[in-house]
Amino acid sequence: MSRLSTESVEKAVDAVQAMDRAQKERLADEIFRMQPNLPRPILVLPRLGVPMEKVEFAVGVLLVCFQAMKESGPAWPVITEDEQERQLARFVAATRLGEDIAPSLRSRALRRYISAHPEKSLAAYVASDTSKWLGEIAADESDKYAMLAVWNLVNCIAFAELPRSKRT
């Protein structure tokens, strides 16, 4: 059951795009207070050789993801480091299955992955934004780390267990 409606994701995208630097910094401070582990996959990117301009892409996705969580209404539990590692392992296993298939089949597999995803709107946003980003950059080996980081955000949010009393 999706907790992030298409409307809440669209509002989040619009809100973050309209923010100036100071507003984005305040939102980042809020993320560190409310979801202190959520930025972790993004913060390690420079140590993995990801250039700062590519880290900015991942930060933008983080801001939208968090804003969408806020727009959705329910109180979200703190996403733990253990959950991030569990979701990363799950995603890596799923994507490795498609490494040896033709691009057209890989594209179909991604569409299927999104259609089966518990947070379809957020997954669709990240897939679209990532595709756009990949078309705008000079590709290099470090791009996979940025993509893993943003998909890990989506999956951690998607599989976060909300308290039953808070669900709508």
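**A serine and its helix**

Leaving aside residues up to four places away in sequence, Ser72 touches Arg3, Leu4 and Ser8, where contact means heavy atoms within 4.5 Å. Please keep in mind that this is a predicted model, in which local features need pLDDT of at least 70 and side-chain atom pairs count only at pLDDT 80 or more, while totals for chains, interfaces and linings use all residues. Residues are numbered from 1 along each chain as its sequence is written, and side-chain values use heavy atoms, with hydrogens and water left out.

Ser72 is found in helix α4, residues 52-72, and helices here are DSSP runs of H or I with at least four residues, numbered from the N terminus. A polar atom of the Ser72 side chain lies 2.7 Å from the backbone oxygen of Met69. The side chain of Ser72 also makes a polar contact with the side chain of Trp76, at 3.1 Å; a polar contact is a pair of N or O atoms within 3.5 Å, and within protein one must be able to donate a hydrogen and the other to accept it, with residues adjacent in sequence counting only if both atoms are side-chain atoms.

After α4 comes Gly73, whose phi is positive, near 100°. As for the helix itself, its 21 residues should span 30 Å at 1.5 Å a residue, and the end C-alpha atoms of α4 are 30 Å apart, which agrees; the expected span is 1.5 Å times one less than the number of residues.

Terms used:
Helix = DSSP H or I, 4+ residues; strand = E, 2+ residues; numbered from the N terminus.
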